[in-house]
Amino acid sequence: MPLYRHFASFLSMFKLVLIGVIILGKDPFALFGMQAPGLWVWSQENKIYACMMVFFFSNMIENQCMSTGAFEITLNDVPVWSKLESGHLPSMQQLVQILENEMKMNVHMDTLPHPRL
């Protein structure tokens, strides 16, 4: 979804600007003739925590916007499961069975005689 990607890009830039303003300590609310809210005052008293909260919270939202829901399993570069194709995650039993079958096929294929060139 292109709209989510644009929002994630905007949020990424906004995050960096906000962290920069917090570190510099300049009150952006004074530019608009407003009184600084309590959250801003707290961020100035706890700059490290405030920057970490902005960073992690915005990363969480960015990752959610960029997530495709893909979950792919490959064995020896051969795809053996795709959540996008199946629509669900495999159960542990399904996963073990799939991997066992693939490994048996690989062992069987390795025992076949190779043509000589």
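Leaving aside neighbours within four places in sequence, which residues is Val54 in contact with? The model is a predicted one, in which local features need pLDDT of at least 70 and side-chain atom pairs count only at pLDDT 80 or more, while totals for chains, interfaces and linings use all residues. Residues are numbered from 1 along each chain as its sequence is written, and side-chain values use heavy atoms, with hydrogens and water left out.

**View 1. Surroundings of Val54.** Apart from those sequence neighbours, Val54 is in contact (heavy atoms within 4.5 Å) with Lys15, Leu18, Ile19 and Ile22.

**View 2. The largest nonpolar core.** Six residues, Ile19, Ile22, Trp40, Ala50, Cys51 and Val54, form this core, where a nonpolar core is a set of buried Ala, Val, Leu, Ile, Met, Phe, Trp, Tyr and Cys residues joined through side-chain atoms within 4.5 Å. Two or more of these residues come from each of α1 (2-24) and α4 (47-66), helices being DSSP runs of H or I with at least four residues, numbered from the N terminus. The largest contribution, three residues, is that of α4.

**View 3. Helix α3 against α4.** The axes of α3 (residues 38-45) and α4 come within 5 Å and cross at roughly 115°, each axis being a line fitted to C-alpha atoms over the stretch in contact, with angles from 0 to 180 degrees between N-to-C directions. Trp42, Ser43, Gln44 and Glu45 of α3 make this contact with Lys47, Tyr49, Ala50 and Met53 of α4.

Note on methods. Buried means under 20% relative accessible area, exposed over 50%, partly exposed in between (1.4 Å probe, protein chains only).
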